[in-house]
Amino acid sequence: MAKMKETRKSEKSAAKDKGPERKLVAQNKKARHDYLILDTYECGLVLTGTEVKSLRQGRASLVDGFVQIDDHEAWLHNVHVPEYAQGTWTNHSARRKRKLLMHRAEIDKLASKLQETGHTIVPLVLYFKGGRAKVEIALAKGKKEYDKRQTLREKQDRREADRAMSSAKQRERA
């Protein structure tokens, strides 16, 4: 009996250590193709009520989004969160700029990196974590066209090698 209680307690503590689940809302796959990702940050977002309701429906687009730092504050621009269908006159505008919640040291570090040529900050993923809207942003450097082709070639080679290894394993088992 005592042993059962111990296992239940360990299961509960393991669930607490796991942390809150991430519910994905939007992802910017194009950013990983167009940019070399140098560093990533998780930020909170300042949103209105109708924006949160629209995001909970899984409606958003990060494709043209970027982050700008003005007066020691980080702002997310051009992220499209469509208007909430049941919203009234309190509805939000779809492409308004939204404030990011970050530590001052992180903002200062990003601001100094942005001064370097070719660096930008792009949003990668928009999600809910523990009931709060979060965005993962990345300090990135633009890729040249030949870099993009090289990356696609490497990805294709890796895929072909994996297929060859899995087919060899299947033949070995049979």
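These legends describe close-up views of one predicted protein model.

The model is predicted: local features need pLDDT of at least 70, side-chain atom pairs count only at pLDDT 80 or more, and totals for chains, interfaces and linings use all residues. Residues are numbered from 1 along each chain as its sequence is written, and side-chain values use heavy atoms, leaving out hydrogens and water.

**View 1. The protein chain has 5 helices and 7 strands.** Helices (H or I, at least four residues) and strands (E, at least two) are DSSP runs, numbered from the N terminus. Their order from that end is α-β-α-β-α-β-β-β-α-β-β-α. The chain counts 174 residues, and 28% of them are buried. Buried means under 20% relative accessible area, exposed over 50%, and partly exposed in between (1.4 Å probe, protein chains only).

**View 2. Helix α3 spans residues 49–56.** Its buried residues are Thr-50, Glu-51, Ser-54 and Leu-55. Seen down the axis of α3, they fall within an arc of 140 degrees, so they line one face of the helix. The arc is that of the directions from the helix axis to the C-beta atoms. These buried residues pack against β1 (22–27), β5 (98–101) and β6 (119–129). Gly-58 follows α3, with a positive phi near 80 degrees.

**View 3. Arg-98 and Glu-51 meet in a salt bridge.** A salt bridge is a side-chain nitrogen of Lys or Arg within 4 Å of a carboxyl oxygen of Asp or Glu. Here the N to O distance is 2.8 Å. Arg-98 lies in strand β5 and Glu-51 in helix α3, so the pair ties together parts 47 residues apart in sequence. Arg-98 is buried at 1% relative accessibility. Glu-51 is buried too, at 0%.

**View 4. Glu-136 forms a salt bridge with Arg-32.** Their closest N and O atoms are 3.9 Å apart. Glu-136 sits in strand β7 (residues 132–142) and Arg-32 in helix α2 (residues 29–34), 104 residues apart. Glu-136 is buried at 16% relative accessibility, whereas Arg-32 is partly exposed at 45%. Salt bridges that share partners join Arg-22, Arg-32 and Glu-136 into one network.

**View 5. Lys-129 pairs with Glu-42 in a salt bridge.** The N to O distance is 3.4 Å. Lys-129 lies in strand β6 and Glu-42 in strand β2 (residues 35–45), so the pair ties together parts 87 residues apart in sequence. Lys-129 is partly exposed at 28%. Glu-42 is partly exposed at 38%.

**View 6. His-119 has its place in strand β6.** His-119 is buried, with a relative accessible area of 15%. Leaving aside neighbours within four places in sequence, its contacts (heavy atoms within 4.5 Å) include Leu-38, Lys-113 and Leu-139.
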